[in-house]
Amino acid sequence: MNKRTGKLKTTLHYLTGGLVTAVFLLPLYWAMTASLRQPGLAPPVTVEWWPTNAHWDNFTEVFRAVPMARYLKNSLIVVGTAVPLTLITASLAGFSMAQMPDKARRRLLAVSVAYLVVPAASIWMFRFQILQVLGLVDTLWALILPAFAASSPLFVLLFYWTFRRIPSELIEAGRLDGANAWAIWRRLALPLARPTTIAVTILAAVLYWNDFVSPVLYIYRPELYTAPIGLQILKQVDSVNWPLLMAAAVLLTLPVAVLLIILQRVFLNNLSLAETMERN
Amino acid sequence: MPLYRRLKSWINSYRGQLRLFLLPYLAGMFVLVALPGVMTAVTAFTDYNAIQPPTWVGLDNFQRMRTYSLVRLSLRNTLLFAITAVPLRLVGALVLALLLQRKRRLFGLYRAAVYLPAVIPEAAYALIWLWIFNPLYGPLNMVLGWLGLPAPAWLAEPGSAQAAIVIMSLFQIGEGFVVLLAGLQSIPRAIYEAAHVDGATRWQSFWRITLPLITPWLLLLTFRDLLMSVQNTYTPSFIMTYGGPYYATTYVPLLVYELAFDLLDYGLAAALLVVLYAFTGAVIMGILSVVGSWGEE
């Protein structure tokens with residue numbers, strides 16, 4: 001292969017890659033341009049790649065049309081409480097699993113995988129009734145509660161696979177120094193699991209920020225609605241005001257997109273994470 | 001030794017502390033997942049409306065399921081979605097992983113863009129696609145018209161509505177993509193170099209090296225995607241079509257929601273979920289038999 005065809009191939013590779021990227025960003029791009037059109041204006045009759053007179057006011061109008069600030073605040077409360085809780089419960093369980101004797105560990109792995117495959121719809125009806133018994137229906141706790149149980153077995157498994165790689169001599173040495181399990185978890189294991197901690201932080205934040213089903217099922221008081229429900233409310237208020245609807249959709253997407261772009265280096269190059277997803 | 005002392009020494013032991021660490025996870029999962037899941041399975045054999053206590057009716061709900069045309073329709077829709085979306089999603093994820101696996105400048109951003117739709121709030125993404133599929137003003141039909149192609153009515157007609165839900169799901173393949181990237185990275189480069197020295201073309205190395213070595217990953221992903229595809233239709237169908245037009249996008253999760261929370265027919269909803277359990281069980285058996293056969297080789 002001579003140098004010229006090699007260079008051509010590289011260029012072609014970049015172009016195809018860029019094209020694919022463009023296709024995947026296209027829905028978001030379309031949402032963005034739609035969000036900048038002036039509401040009430042007749043829709044464009046031809047392809048319009050960027051609106052003339054971008055109408056940024058739509059983004060502030062979202063907050064006037066519905067109490068979006070309150071919905072966002074509720075979402076932030078849920079994420080802000082659930083993510084740290086998840087990190088604690090998931091890493092504790094993962095640490096414990098990694099330290100268990102073989103037989104117990106295999107059993108715990110089987111249980112975790114079983115929890116992973118339970119169809120979500122099959123727990124809707126009776127989780128509602130259990131929450132009712134606990135008096136948590138129609139409170140934000142109904143949304144946060146899974147965080148006390150590590151949110152998802154996936155997160156426990158992620159920590160488990162990370163902690164398994166810590167050499168046992170290291171932990172033995174810590175125990176000989178008289179450290180108890182708490183100290184070893186906090187001072188030895190957690191600092192070694194930083195990439196996993198970041199990955200679980202992102203995944204858990206996304207899980208709670210995006211959660212649409214739980215508030216639909218368990219929240220009825222409008223003052224407790226979260227942002228995804230706010231979108232539905234906005235749609236009910238004015239279902240054909242596409243500029244406003246798209247502005248709200250972009251608003252909800254933006255934090256996730258920014259988080260991903262900032263952390264993509266850690267996140268998308270983390271092999272262990274991919275391994276974990278493959279296993280569930 | 002008094003009880004509290006024994007408890008105290010147990011908590012102070014390493015073993016005891018390890019067990020304690022597992023308690024929130026195991027107890028929480030039991031209350032939030034296992035218990036409701038089992039209650040659903042039992043309810044399938046009862047008549048229950050969430051207000052009066054349930055009464056045992058044996059296999060009545062399963063009998064009703066056979067004559068309840070919406071149940072059959074939702075199962076058919078779900079199956080149709082799975083057999084069209086799963087292979088397409090898999091091939092899409094593989095092609096993208098092959099294309100973007102190299103460590104090159106900009107490729108990190110390319111990968112992030114492909115992954116992004118997997119983390120966008122589903123409520124927002126479904127709303128965005130509702131706009132894109134708008135038959136009159138939506139950008140998709142604008143572009144199709146501009147290219148001189150026919151513009152379907154998308155969500156307004158049964159067939160194209162089903163296709164639309166599949167198309168949207170093809171953009172949310174970030175997880176499979178990341179998994180296959182890792183799978184490709186796990187193949188030692190030396191194998192390719194050896195094949196290259198022996199005069200193998202790119203095409204040959206793909207069929208003889210890459211594909212066989214990545215097959216286990218592809219199989220596990222297929223099973224996983226099958227499991228996910230029977231539940232992931234809930235939010236798109238809820239927001240974009242609410243099951244319509246003519247029930248063409250009434251999938252199992254949406255019907256379960258309708259039956260349980262609107263019609264208060266918990267028994268029938270639970271029976272439908274037992275069918276889902278059976279399907280899940282079958283997929284797990286598939287995984288186990290495949291994984292088991294690897295061990296024998």
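Here is a friendly walk through some features of this structure, which is a predicted model.

1. **Where the two chains meet.** Let's start with the contact between chain B and chain A. Chain B brings 93 residues to it, and chain A brings 93 residues too. Together the two chains bury about 8600 Å², and 78% of that area lies on carbon and sulfur atoms.

2. **What the chain B side is made of.** Which helix of chain B gives the largest share of the side that touches chain A? Helix α2 of chain B, residues 14–43, gives that share, with 24 residues. Sorted by class, the side of chain B that touches chain A has 74 nonpolar residues, along with eleven polar and eight charged ones.

3. **Polar and charged pairs across the interface.** How many salt bridges run between chain B and chain A? The count is zero. Polar contacts do turn up, though: 13 residue pairs are in polar contact across the interface of chain B and chain A, with both residues at pLDDT 80 or more.

4. **A salt bridge inside chain A.** Over all chains, the structure holds seven salt bridges. One of these joins E61(A) to R64(A), with the closest N and O atoms 3.1 Å apart. As a general point, side chains of opposite charge can pair when their charged atoms come close. Both E61(A) and R64(A) sit in helix α2 of chain A, residues 57–65, and they are three residues apart, about one turn of the helix.

5. **Two helices packed in chain A.** Next, look at helix α7 (residues 153–164) and helix α10 (residues 194–210) of chain A, which pack at an angle of about 175° with their axes 10 Å apart. Angles over 145 degrees count as roughly antiparallel, and α7(A) and α10(A) are therefore roughly antiparallel to each other. From α7(A), the residues F155(A), L158(A), F159(A) and T162(A) meet T196(A), T197(A), V200(A), L203(A), A204(A) and L207(A) of α10(A). This contact of α7(A) with α10(A) has seven nonpolar residues, three polar ones and no charged ones.

6. **Two helices crossing in chain B.** Now compare a pair in the other chain. Helix α5 (residues 107–115) and helix α9 (residues 174–185) of chain B have axes that come within 8 Å and cross at roughly 140°. That angle makes α5(B) oblique to α9(B).

7. Most residues other than glycine have a negative phi, and most peptide bonds are trans. With that in mind, find G244(B) and P245(B), which are joined by a cis peptide bond with omega about -15°. P245(B) lies in the loop between α12 (234–241) and α13 (252–262) of chain B. Y247(B) is also in the loop between α12 and α13 of chain B. Its phi is near 60°, a positive value in a residue other than glycine.

8. **A glutamine in another loop.** Where does Q52(B) sit? Q52(B) is in the loop between β1 (46–47) and β2 (55–56) of chain B. Its side chain makes a polar contact with the side chain of N49(B), at 2.9 Å. Q52(B) and F177(B) are 125 residues apart along the chain, and their C-alpha atoms are separated by 48 Å.

Technical notes
Residues are numbered from 1 along each chain as its sequence is written. Chains are lettered from A and ligands numbered from 1 in the order in which they are written. This is a predicted model: local features need pLDDT of at least 70, side-chain atom pairs count only at pLDDT 80 or more; totals for chains, interfaces and linings use all residues. Side-chain values use heavy atoms; hydrogens and water are left out. Contact means heavy atoms within 4.5 Å. Buried area is the accessible area (1.4 Å probe) that two parts lose on being put together, summed over both. A salt bridge is a side-chain nitrogen of Lys or Arg within 4 Å of a carboxyl oxygen of Asp or Glu. A polar contact is a pair of N or O atoms within 3.5 Å; within protein, one must be able to donate a hydrogen and the other to accept it, and residues adjacent in sequence count only if both atoms are side-chain atoms. Helices (H or I, at least four residues) and strands (E, at least two) are DSSP runs, numbered from the N terminus. Ala, Val, Leu, Ile, Met, Phe, Trp, Tyr, Cys and Pro count as nonpolar, Asp, Glu, Lys and Arg as charged, and the others, Gly among them, as polar. Axes are lines fitted to C-alpha atoms, for helices over the stretch in contact, and angles run from 0 to 180 degrees between N-to-C directions. Angles under 35 degrees count as roughly parallel, over 145 as roughly antiparallel, 65 to 115 as roughly perpendicular and the rest as oblique.
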